[in-house]
Amino acid sequence: MKMTGAEIFLECLKREGVKHVFGYPGGVILNIFDLLYDDKDIQLILTRHEQGAVHAADGYARSTGKPGVVLVTSGPGATNTVTGIATASMDSIPLVVFSGQVPTMLIGNDAFQEADIVGISRPCTKYNFLAKDTKDLSRIIREAFHIATTGRPGPVLIDLPKDVTASKADFVWPEVKIRSYNPTYEGNKWMITQAAHMIAKSKKALIIAGGGVILSGGSKELKELAEFTEIPVTMTLMGLGSFPGTHRLSLGMPGMHGTYYANKAIQESDLLIAIGMRFDDRVTGKIDAFAPNAKIIHIDIDPTSIRKNVRVDVPIVGDVKRVLTVLNKVLKEDIKEQWTEVRRAWLKQIDIWKHERPMTYTYSDEVIKPQFVVEKIYELTKGDAIISTEVGQNQMWAAQFYKFDKPRMWLTSGGLGTMGYGFPAAIGAQIAHPNKLVIDIAGDGSIQMNIQELATAVINKLPVKVAILNNHYLGMVRQWQELFFNERYSYTHLEVIPDFVKVAEAYGAVGLRATKPSEVEPVLKEGFKIKKTVFMDFICDWKEKVFPMVPAGAPIDHMLFEEKSEKAEKKLKAVK
Amino acid sequence: MRHTISLLVENRFGVLSRISGLFSGRGYNIESLSVGETIDPEISNMTIVTSGDDQIIEQITKQLNKLIDVIKVVDMTELDHVEREMVLIKVAPRQEDKAEVLRIAEIFRGRIVDSSQRTYTIEVTGDEKKIEALIELLRPMGIKEFVRTGKIAIAREGVKK
Ligand SMILES: Cc1ncc(C[n+]2csc(CCOP(=O)(O)OP(=O)(O)O)c2C)c(N)n1
């Protein structure tokens with residue numbers, strides 16, 4: 001049966017199980033929008049900016065594990081998706097982005113609203129396609145979903161010229177066969193056995209778990225490994241939730257704003273087991289001084305992640321869940337260690353570090369400390385909310401003071417660090433989980449980058465909560481200026497900040513404000529109770545900084561702590 | 001160290017820019033690159049000469065392998081292989097040097113593919129050393145311009161290095 005390209009598009013999406021598409025219309029994509037108008041199975045969520053659509057699809061994907069789908073028009077519609085695509089690409093999030101394109105006959109002519117989005121998005125997609133012929137469309141869409149969701153996941157873009165959506169072709173649904181794309185899932189058995197022996201021999205082993213654990217669904221296997229062998233676990237920013245944050249073996253996050261005990265443990269460790277992480281510079285600090293005493297086992301599905309930044313003794317390419325399943329089996333059946341005995345001294349040392357420098361801040365009952373807000377959110381939600389963040393101090397405080405026990409509850413732009421990510425991502429997550437509490441922990445700078453999505457949240461009756469840690473500054477940048485640029489606050493004071501309560505109200509949402517510590521809990525309680533979109537504006541101590549902090553390029557055990565500024569100065573000099 | 005990397009890639013729209021984009025985006029250098037069809041018209045061969053320490057070369061081959069359109073990556077430097085390059089050199093010698101230019105061309109098994117009153121164009125193939133030696137010999141004779149194809153390489157049969 002002959003179908004138009006637009007009909008083929010819709011049929012393919014249904015076969016891929018797509019229920020929600022995030023998008024924005026325009027001239028060349030109208031054939032598809034017209035069909036969506038009265039389609040019963042697929043709902044289009046109209047955002048107010050294409051960047052918002054991509055972040056929303058990304059939040060949808062992170063919170064469900066299913067690919068997020070985006071539909072936009074050509075030219076500016078397509079170029080507006082780039083930041084969202086790059087954000088997903090850096091964090092390995094599966095997306096399929098459809099962009100309209102001018103008719104094939106006009107491509108290359110600088111036609112109205114033409115942009116070479118295939119060229120522009122090439123370096124930030126896992127793969128991209130220009131569909132030139134309607135008869136290839138279903139194969140391309142099927143391949144796109146396959147590529148986006150398998151191996152190391154990532155965003156895929158399909159450019160759809162207008163005539164391709166209008167012309168007709170027979171519908172086909174061919175099996176995906178891509179001879180040049182064969183991700184490795186099974187780890188090499190010999191390497192895994194090597195790893196098991198090293199684990200048995202090590203005295204001070206440490207697991208660093210990254211986002212790959214979550215992407216592969218390997219949390220259960222990770223927990224089994226850690227508990228069985230009594231190895232403590234530190235989770236990267238992307239790995240939060242891959243291992244229970246409240247577990248006795250959890251050391252929280254390592255790196256630039258990581259815990260004292262995680263960084264200490266890395267530096268003292270004799271064996272690092274890196275799982276689904278890629279040794280980002282925010283984790284390693286000065287690379288030559290990183291984990292000087294440790295042998296390294298590195299498990300990752302992407303061979304390019306291995307030995308990119310650090311030397312590795314046992315590389316294991318494969319899917320985290322499958323590799324850990326085999327590793328656990330080898331450890332249990334072939335190597336019968338007295339694990340508790342082996343680890344006793346090491347765990348005791350870690351306990352000492354935990355007591356030496358716990359993750360804390362100084363509470364005040366005069367001015368709201370941003371950490372206090374995060375702590376209260378954690379307390380009131382009992383750790384059972386989906387938390388997204390913007391970027392900056394808000395993101396780090398959320399990572400430090402909210403404890404994630406389950407995967408896919410934490411949505412943050414790790415690799416790219418995109419301000420404006422959190423609010424649309426929360427909207428996407430709320431669409432996927434209508435009955436869950438979804439909270440964006442935001443900064444007053446970042447929230448203004450996609451604040452227009454208030455309309456999307458209100459129209460779709462989404463009870464998304466936004467907790468703004470309002471410090472009137474681009475706080476994280478201000479922090480660097482205070483510490484490293486002689487307190488010269490060049491263009492980081494925001495001066496004019498809109499009244500967020502009124503902004504929320506103007507869009508038909510609810511706005512609440514707390515200016516004193518005693519108001520924090522009541523505002524949160526009220527905000528969580530209201531079944532509407534709520535902005536909660538917390539006027540915070542603008543001087544507060546994120547600690548501990550490892551200055552960029554320093555070894556990760558050279559940490560700055562919250563101290564009287566004089567002392568901090570001295571310490572800083574010593575580190576530099 | 002320099003490496004000659006041979007690739008089999010899908011002969012598809014945009015594949016060259018995916019490969020060159022990988023090199024420019026990650027700061028690897030390309031000393032030469034040549035592309036051509038293979039026995040299967042759906043597959044192209046690319047020969048890339050690049051340089052870097054072992055870690056960089058390992059990353060380059062892994063990154064190339066990761067590209068969806070790349071079917072096979074072989075670091076020829078690790079194999080016994082044959083490398084060839086072709087050069088076209090246009091020389092404009094003085095009257096008294098003309099005979100010498102022809103003699104040099106002959107020694108290098110070159111062919112004169114074009115000649116005018118003032119110039120000869122010489123075609124020579126060979127490995128890199130030979131081509132460079134030829135250019136050095138002809139330089140004092142007055143090279144107007146030369147064009148090189150970049151290296152191509154093929155593995156030898158049956159022997160392992
Ligand atoms: C799109 C984008 N532009 C610039 C930056 C650089 N940047 C990182 S943190 C930050 C300040 C964020 O300020 P705010 O949202 O108020 O959060 P705070 O740090 O105060 O919590 C800036 C400008 C960025 N990460 N993203």
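Predicted model: local features only at pLDDT ≥ 70, side-chain atom pairs only at ≥ 80, totals over all residues.
## Basis of the model

Local features require pLDDT of at least 70 and side-chain atom pairs pLDDT 80 or more, while totals for chains, interfaces and linings use all residues; side-chain values rest on heavy atoms, without hydrogens and water. Residues are numbered from 1 along each chain as its sequence is written, and chains are lettered from A and ligands numbered from 1 in the order in which they are written.

## Ligand surroundings

The shell around the ligand holds 17 residues, each with a heavy atom within 4 Å of it. Gln393(A), Gly417(A), Gly445(A), Ser446(A) and Gly475(A) come nearest. By class, the shell has seven nonpolar residues, nine polar and one charged (nonpolar: Ala, Val, Leu, Ile, Met, Phe, Trp, Tyr, Cys and Pro; charged: Asp, Glu, Lys and Arg; polar: the others, Gly among them).

Polar contacts are pairs of N or O atoms within 3.5 Å. A ligand nitrogen lies 2.8 Å from a polar backbone atom of Gly417(A). Ligand oxygen atoms lie 2.9 Å from a side-chain N or O atom of Asn471(A) and 2.9 Å from a backbone N or O atom of Met476(A). The protein covers 76% of the 590 Å² of accessible area that the ligand has on its own (Shrake-Rupley method, 1.4 Å probe).

Helix 17 (393-401) and helix 20 (475-484) of chain A each give two or more residues to the shell; helix 20 of chain A gives the most, with three. Helices are DSSP runs (H or I, at least four residues), as strands are (E, at least two), numbered from the N terminus.

## Helix 12

In helix 12 (residues 260-268) of chain A, seven of nine residues are buried (under 20% relative accessible area, 1.4 Å probe, protein chains only). Among them are Tyr260(A), Tyr261(A) and Ile266(A). The buried residues of helix 12 pack against strand 9 (205-209), strand 10 (233-235), strand 11 (271-275) and helix 15 (339-356) of chain A, with contact meaning heavy atoms within 4.5 Å.

Key. Polar contact = N/O pair within 3.5 Å; in protein donor to acceptor, adjacent residues only side chain to side chain. Buried < 20%, exposed > 50% of the residue type's maximum accessible area, 1.4 Å probe, protein only.
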